[in-house]
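This report walks through one protein model. Please look at the sequence and structure first.

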Amino acid sequence: MEFQKRINEYPVLKEYIESLKTELEFLRFNFAQQTETNKSLVQSLREKNFIEAKEKGMDKN
């Protein structure tokens, strides 16, 4: 009886696991994209800060 129950659950569980794998793949991709965006923003801020410091003469220290 228990064996039959497990056999019947298998396709549903397999489909659920595949959907979780797909979601995880999407989240990893999304995280990588956000990481790249953040790196770009940080670089832009560094450049802006450098330019502002140079304009104010603070880069000579």
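## Burial and basis of the model

Buried means under 20% relative accessible area, exposed means over 50%, and partly exposed lies in between, with a 1.4 Å probe and protein chains only. By that rule, 0% of the 61 residues of the protein chain count as buried.

This is a predicted model, in which local features need pLDDT of at least 70, side-chain atom pairs count only at pLDDT 80 or more, and totals for chains, interfaces and linings use all residues. Residues are numbered from 1 along each chain as its sequence is written, and side-chain values use heavy atoms, with hydrogens and water left out.

## Overall form

The protein chain has 1 helix and 0 strands. Its radius of gyration is 26 Å, well over the 10 Å that the globule rule gives for 61 residues, so the chain is more spread out than a compact globule. Here the radius of gyration is taken over C-alpha atoms, and the globule rule is 2.2 Å times the number of residues to the power 0.38. Helices (H or I, at least four residues) and strands (E, at least two) are DSSP runs, numbered from the N terminus.

Along its principal axes, the C-alpha trace spans about 80 × 15 × 10 Å. M1 and L41 are 40 residues apart in sequence, and their C-alpha atoms are separated by 59 Å. For L45 and P11, 34 residues apart, the separation is 51 Å. For G57 and Y10, 47 residues apart, the separation is 69 Å.

Helix 1 covers residues 2-55. M1 sits in the segment before helix 1. M1 counts as exposed, at 90% relative accessibility. G57 is partly exposed, with a relative accessible area of 34%.

Is L45 buried or exposed? L45 is exposed, with a relative accessible area of 51%.

## Surface and nonpolar patch

The accessible surface of the protein chain comes to about 6200 Å². Carbon and sulfur atoms account for 60% of that surface. Accessible areas come from the Shrake-Rupley method with a 1.4 Å probe; for residues, only the protein chains shown count as cover.

Which residues form a nonpolar patch on the surface? Y16, I17 and L20 do, with about 290 Å² of accessible area together. Y16 has its place in helix 1. Patches are made of residues with over 30% relative accessible area and no salt bridge; like charges are joined within 9 Å, and nonpolar side chains (Val, Leu, Ile, Met, Phe, Trp, Tyr) within 5 Å.

## Charges

The protein chain carries 11 positive and 11 negative charges. Their mean positions are 6 Å apart. Lys and Arg count as positive and Asp and Glu as negative, while His and the chain ends are not counted. Each charge is placed at NZ of Lys, CZ of Arg, CG of Asp or CD of Glu.

## Salt bridges

Side chains of opposite charge can pair when their charged atoms come close. The structure holds 5 salt bridges. The criterion is a side-chain nitrogen of Lys or Arg within 4 Å of a carboxyl oxygen of Asp or Glu.

R6 takes part in two of the pairings. With E2, the N to O distance is 3.0 Å. R6 and E2 are 4 residues apart in helix 1, about one helical turn. With E9, the distance is 3.1 Å, N to O. R6 and E9 lie 3 residues apart in helix 1, again about one turn. R6 is partly exposed at 48% relative accessibility, E2 is partly exposed at 45%, and E9 is partly exposed at 27%.

E18 and K21 also meet in a salt bridge, at 3.7 Å, N to O. E18 and K21 are 3 residues apart in helix 1, separated by about one helical turn. E18 is partly exposed, with a relative accessible area of 40%. Salt bridges that share partners join E2, R6 and E9 into one network.
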